[in-house]
Amino acid sequence: MRADIFSDSFAQKKNYLTEADARVKMLYVAAAIIIVISSRQFYAPLTALCLSVVFLLGIRIPVKIILWRLATPLSIAGTIFLIQVFFFAMPLMQGFLIVAKALGAVSLIVFLSMTTPVNRLLNAARWFKVPDTWIEVAMLTYRYIFVLLEDALTIRDAQRVRLGYSGLARSLKSFGELIGSTVIRTYDRSIAVYESMVLRGYNGTTQNIVWEEGFKIKDAVAVIIFITILTSLLALNILLY
């Protein structure tokens, strides 16, 4: 369950969305996010959210996984909504619009991440001339997020066995120790990884990621579908303004 929530395991499966050209999907998501963020009504953000969920359900991603992916941005957007409404007297409709924009934009990112493996995303980023340093940082970050997550979960499980979360006071203390231990392990691991890379001849750059995929007929179909969706979102913004 943990791996399904945080990894790209679903993106590794073979279906019409995962096999579509990553560059096409990245352009679609970037354009759709711009439209969603610039919208002054609910229609475009909610439409983008619904379409993203429909796409993910169409390739048999469980509803529970989709909700877990959306849970964190939803909680953040909800907190912002409450703060703006109750402390800054923002109108309710404007607050709901902020939440809708957040969910619409995040759902597009979730769609991209759950239908495109990380290696193809990095290949596409290099094709778009993203600096090599950014790509390397993204690659290493993705790799070691799961290592550090596993370390944190191991520490938490050990604390639970010792009843570290049996009360509010002990829970707060255990949580603080968990954060501190994770930060220390992160620092120690970063030094160890850098030293090991230097010993293996690392000189500031890694081997270039070569784009090996060509544009296929099915990618042209994806382009038509995505352009139709983007046109519809623009029409909703203009006609229902």
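This is a predicted model: local features need pLDDT of at least 70, side-chain atom pairs count only at pLDDT 80 or more; totals for chains, interfaces and linings use all residues.
Helix α4 bends by about 40 degrees at A71, and within four residues of that point comes a proline, P73.

Stepping back to the whole chain, the count is 9 helices and 0 strands, so in order from the N terminus the elements simply read α-α-α-α-α-α-α-α-α. Along the principal axes, the C-alpha atoms fill a box of roughly 60 × 50 × 30 Å. Of the 241 residues, 36% count as buried. As for contacts in the chain with a separation of 6 or more, 80% of them come from residues 24 or more positions apart.

Two packed helices are described by the angle between their axes and the distance between the axes. For helix α3 (residues 43–58) and helix α5 (residues 92–115), those values are about 25 degrees and 8 Å. The angle falls under 35 degrees, and α3 and α5 are therefore roughly parallel to each other. Their crossing is left-handed. On the α3 side, the contact is made by P45, L46, A48, L49, S52, F55 and L56. The α5 side brings in A100, K101, L103, G104, S107, L108, V110, F111, M114 and T115.

The other pair joins elements from well-separated stretches of numbering: helix α2 covers residues 22–38 and helix α9 residues 217–239. Their axes come within 10 Å and cross at roughly 5 degrees, which makes α2 roughly parallel to α9. From α2, the residues in contact are V24, K25, Y28, A31, A32, I35 and S38. They meet A222, V223, F226, I229, L230, L233, L234 and N237 of α9.

A few single residues also stand out. K129 sits in the loop between α6 (118–127) and α7 (132–161), and its phi is near 70 degrees, a positive value in a residue other than glycine. K129 has a relative accessibility of 72% and so counts as exposed. L163, in the loop between α7 and α8, likewise has a positive phi without being a glycine, with a value near 60 degrees. At 53% relative accessibility, L163 counts as exposed too, since the cut-off is over 50%.

Helix α8 (residues 168–199) holds I184. With a relative accessibility of 51%, this isoleucine is over the 50% cut-off and therefore counts as exposed.

How values were computed. Residues are numbered from 1 along each chain as its sequence is written. Side-chain values use heavy atoms; hydrogens and water are left out. The bend at a residue is the angle between axes fitted to the seven residues ending there and the seven starting there. Helices (H or I, at least four residues) and strands (E, at least two) are DSSP runs, numbered from the N terminus. Axes are lines fitted to C-alpha atoms, for helices over the stretch in contact, and angles run from 0 to 180 degrees between N-to-C directions. Angles under 35 degrees count as roughly parallel, over 145 as roughly antiparallel, 65 to 115 as roughly perpendicular and the rest as oblique. A crossing is left-handed if the near helix is turned anticlockwise from the far one by less than a right angle, and right-handed if clockwise. Contact means heavy atoms within 4.5 Å. Buried means under 20% relative accessible area, exposed over 50%, partly exposed in between (1.4 Å probe, protein chains only).
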